[in-house]
Amino acid sequence: METEFSPNKDLAMVSKPKVSVHTRIFLLIMFFTWSMALVFFALQYSREVDFKTEVLDSRLQMQNMRILASLGEGKQITPQLLKQIGADDSLRVSVINFNGDVIYDTNASQVKENHLSRAEVAEAIAHGHGFTKRRVSSTNARQYFYSATRGDGVVVRTALPYNHTLADTLKADPVNSYLIFGIALLMTVLAWLAAYRVGRSVKNLRRFAAAAEYDDIDDYDTRQFPNDELGEISGHVINLYKNLKATSEQRDKNLRAAMFEQSEKNRIKHQLTNNISHEIKTPVHVIQACLETLENNSETLPAETKKQLIDTSYENVKRLAALLADLSLITRISEAPHKIESASVDVTEIIHKVADEMKVFPPEKQLRIHIDVPEQLTVKGNASLIESIFRNLMVNAFNYSGGRDVNVSLKDSTPDYYVFTFADNGVGVDEEHINRLFERFYRVDTGRSRALGGTGLGLAIVKNAVAFHQGTISVRNRKGGGLEFEFSLAK
């Protein structure tokens with residue numbers, strides 16, 4: 001029972017992962033994309049905040065330097081002085097000595113708490129300046145941005161209240177964040193498209209694997225793969241599989257052909273052995289019977305009967321000799337052609353020679369042979385085999401055609417071959433026998449063939465001799481009666 005292949009149905013039969021390749025690739029790209037986006041965002045945010053903090057600190061440091069310059073000139077810090085140097089009304093100014101005591105503070109008349117532990121003060125004393133971004137003041141419980149600068153024996157510290165305005169000033173610009181996340185979203189779309197293309201190729205390969213399992217890939221269309229490296233690789237994989245399948249099929253075909261050929265050889269050998277045994281048995285039995293009759297009745301047999309028995313034995317001996325000669329020739333042609341010598345052969349001369357030999361028959365039985373072949377028509381081959389071609393065709397026409405006119409002619413001449421025709425005006429043969437005339441020991445009329453002394457190998461010898469000369473031979477019934485053989489001989 002045949003199973004119909006359905007790509008959608010049988011695709012489900014293939015072991016499928018819980019998460020598709022498309023999804024896994026997409027999630028993997030998304031993980032790296034958004035991880036990088038978050039890292040870039042964090043770095044950008046931190047750097048921008050730090051940059052704005054440093055700008056604000058620099059502005060306050062400039063105020064500090066102006067205050068220190070005024071103190072160096074012996075001036076007292078007053079609200080008027082602060083306005084003169086451009087200080088903001090919200091700016092808080094403190095002057096602290098290196099012991100941490102607050103000498104002056106704009107928001108308090110007296111600050112008893114020691115400020116040496118304040119980070120900005122300690123850093124300014126140690127390194128020249130320092131700042132603290134956001135710390136609650138112990139004086140008024142408000143948050144400030146502090147910036148301190150070391151001077152001659154004192155530290156000037158300015159502070160801005162950490163209100164909404166200052167907080168907004170120190171925030172990172174949201175445009176950069178939008179840009180980063182916009183790029184991340186664009187990468188998400190591109191990642192989905194890339195994963196889709198890869199997943200489509202993998203899906204098509206899975207469909208191909210399902211089709212290959214059911215040996216249904218002959219018409220598989222590789223154009224459905226994307227036009228990229230993965231699609232190209234997928235196409236190569238499919239083409240390699242197809243080539244491997246074709247090679248495997250050709251190997252199996254050759255193996256079957258070799259097995260069939262060997263089987264045919266064994267069958268033909270077996271058939272040939274049986275035919276040879278059968279062909280030999282008849283003359284041997286006849287000879288044996290004649291000799292036994294002579295041996296057992298030599299004194300009582302009339303002289304005429306004895307002569308008849310001897311003549312019969314002799315004819316069968318000649319028949320055996322002819323059979324063995326034909327067997328030897330056809331075996332040599334088919335099994336050891338490399339041992340047969342080749343030379344330049346005049347075909348025209350051989351045709352006339354065989355035609356002259358046929359004249360030994362009585363005039364009333366002779367063939368009227370008409371030769372239409374140019375003089376000195378030469379080929380490279382074996383003279384004996386070419387002679388056997390024309391002799392066997394003429395003997396076959398003489399014995400079996402029933403006609404008396406034979407035409408031998410050159411039908412065509414190509415750059416590589418001469419094409420001959422051999423026709424008689426006899427009765428021909430039934431169409432059922434035409435395709436078997438060249439088989440060994442095949443006889444159209446078994447009784448008549450043996451009576452005429454034929455070995456059954458004549459036309460088989462003709463076919464093998466033509467094949468030795470790289471030619472082909474065919475036979476057909478003529479419309480006007482008789483047979484016509486057409487064969488070629490390589491020049």
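Reader: Is Arg-157 buried or exposed?
Author: Arg-157 is buried, as its relative accessible area is 2%. Buried here means under 20% relative accessible area, exposed over 50%, and partly exposed in between (1.4 Å probe, protein chains only). Please note that this is a predicted model, in which local features need pLDDT of at least 70, side-chain atom pairs count only at pLDDT 80 or more, and totals for chains, interfaces and linings use all residues. Residues are numbered from 1 along each chain as its sequence is written, and side-chain values use heavy atoms, with hydrogens and water left out.

Reader: Which side chain meets Arg-157 in a salt bridge?
Author: That of Glu-120, with 2.9 Å from N to O. The pair links distant parts of the chain, 37 residues apart: Glu-120 lies in helix H4 (residues 119-127) and Arg-157 in strand E5 (residues 154-161). A salt bridge is a side-chain nitrogen of Lys or Arg within 4 Å of a carboxyl oxygen of Asp or Glu. Helices (H or I, at least four residues) and strands (E, at least two) are DSSP runs, numbered from the N terminus.

Reader: And Glu-120, buried or exposed?
Author: Glu-120 counts as buried because its relative accessibility is 0%.

Reader: How many salt bridges are there?
Author: The count comes to 13. One of them joins the side chains of Arg-391 and Glu-357 at 2.4 Å, N to O.

Reader: Which residues are linked with Glu-357 and Arg-391 in a network?
Author: Lys-353 and Glu-387 are linked with them in a network of salt bridges.

Reader: Changing topic, where is Met-187?
Author: Met-187 is found in helix H6, which spans residues 174-213. Met-187 counts as partly exposed because its relative accessibility is 38%.

Reader: What is Met-187 in contact with, beyond its neighbours within four places in sequence?
Author: Met-30 and Thr-33, where contact means heavy atoms within 4.5 Å. Thr-33 and Met-187 are 154 residues apart in sequence, yet their C-alpha atoms are 7.1 Å apart in space.

Reader: Where is Trp-192, and why does it count as partly exposed?
Author: Trp-192 is in helix H6 as well, and it counts as partly exposed because its relative accessibility is 40%.

Reader: What about the chain as a whole: how many helices and strands?
Author: The chain has 13 helices and 12 strands. Of its 491 residues, 38% are buried.
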